[in-house]
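Subject: Structure handover

Hello,

Here is the structure you asked to see. Please open it first, then read the notes below.

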Amino acid sequence: MDDAQLLRSMLAGDEEALALLYQRRQGAIYRFALQMSGSTAIAEDVTQEVFLFLMRDGHLFDPAKGSVSAFLLGVARNYVLRRLRVEQLLSPLGDDTDEDGPLFQATTDPCPLEDLTRAETIESVRKAILSLPAKYREVVVLCELQDVSYEETAGILGCAIGTVRSRLHRARALLLAKLRPADVEDADSATVKSARCFA
Amino acid sequence: MNSEKFDEEMLTRELRSLAAEMEQLSAPPELETKLREAFRARRVVVSLARRQTSSRYWWAAAVAAMLLIALSVIAIRWRSEGVNEPRQAQTQPAPENPQPLKNEPSREVVKYRPQSKPHRVLNRSVRRPQNSEVANHVTREVATDFIPLSYMNVASLQDGGQIVRVELPRSALANFGLPVNMDRYNEKVKADVLLGVDGLAHAIRFVQ
């Protein structure tokens, strides 16, 4: 039974269809919301809101426009962005991305130092993603972390595939700039400056 | 990490690592329980709402049907009154001149509109005569076609005007080439004279 059939059954009142659909899709929605917001509380709220929306307005799903998964991610995106706007208004000075601490524990690695370094690197990447503007963050989350195709991403974001590609390219450049050590950046910029001076 | 330079390849690797690390994350189990409860509650609310909606629907339909019937009755009465009023106005003699003089022909004036220009029928379900004034005469009386007077042509009849009911000596029939019953030669005959907008008599028809 595919997602669309489950959705139809759920709308017809089948509770088990809801449970099955939830078990299939909640992980992706939760992770997407978590990667976009950096907050487990927001991720939980968004996941709940998405499935409540599906119960209420699931008939809005159009199979011609994409899969149920893409539909749910699109709904989740709207809820996340709305929630982030509210959070931004409520706590303008807060650096709330760290409020929940590290989102995952380091893996059990035989070498503690390597384990620590790896966890530190991943945490840096996560913070760098969270610091991106929303329009770049969402393409990184969808294409790089959620492994959604460019076409589906374009459908979720409501833009052209070319836009997705260009945003992803720009997002990666921004991430590289953020993750590079400060001294390396300074050295690069110094080289450029001197070259300009002697040109 | 700070010691090594981040390049595209490393970024891709680290992003994959992050995705793999987060792969196991999922919403807490109690969320499913809450959603199931919400689903059951919603199902009950929806079924109740449907019942209320259906009963409301029947009430609304009944009220609408009654209103429709009442409006139809009012419309039919109004139309029948609208048709009767001009007929009464025509049949009542004018109060200023209750009895016509014997020397002058008696007159009744009605508006004439040429039948070649039909009125727009607003309600096609109720068929009304195109010219109710003329039709009243037609239904109660037998009349000849309008005969254009000698100095007018048939085309001038299309301009409209007023019909004046007159009584003429029966001998006048002969002037228009109509047969005259000699037994009733002294009697008078009714005729409708069509006066144009210029005040001239354009045509005449004889009525029995």
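This is a predicted model: local features need pLDDT of at least 70, side-chain atom pairs count only at pLDDT 80 or more; totals for chains, interfaces and linings use all residues.

Residues are numbered from 1 along each chain as its sequence is written, chains are lettered from A and ligands numbered from 1 in the order written, and side-chain values use heavy atoms, with hydrogens and water left out.

Chain A

Chain A has nine helices and zero strands. Helices (H or I, at least four residues) and strands (E, at least two) are DSSP runs, numbered from the N terminus. Chain A has 199 residues, and 46% of them count as buried. Buried means under 20% relative accessible area, exposed over 50%, and partly exposed in between (1.4 Å probe, protein chains only). Contact means heavy atoms within 4.5 Å. Of the contacts in chain A with a separation of 6 or more, 61% join residues 24 or more positions apart.

Helix H1 of chain A spans residues 3-11. Its buried residues are Asp3(A), Ala4(A), Leu6(A), Leu7(A), Ser9(A) and Met10(A). After H1(A) comes Gly13(A), with a positive phi near 110°.

The interface

Here 31 residues of chain B are in contact with 44 residues of chain A. The area buried between the two chains is about 3700 Å², and carbon and sulfur atoms give 65% of it. Buried area is the accessible area (1.4 Å probe) that two parts lose on being put together, summed over both.

The rule finds five salt bridges across the interface of chain B and chain A. A salt bridge is a side-chain nitrogen of Lys or Arg within 4 Å of a carboxyl oxygen of Asp or Glu. Glu8(B) forms one with Arg172(A), with the closest N and O atoms 3.0 Å apart. Helix H1 (8-22) and helix H2 (29-91) of chain B each supply at least two residues of the side that touches chain A.

A residue of chain B

Leu173(B) sits in helix H4 (residues 172-175) of chain B. Leu173(B) is buried, with a relative accessible area of 9%. Beyond its neighbours within four places in sequence, Leu173(B) is in contact with Leu178(B), Pro179(B), Val180(B) and Phe206(B). Leu173(B) and Phe206(B) are 33 residues apart in sequence and 8.1 Å apart in space, C-alpha to C-alpha.

Best wishes
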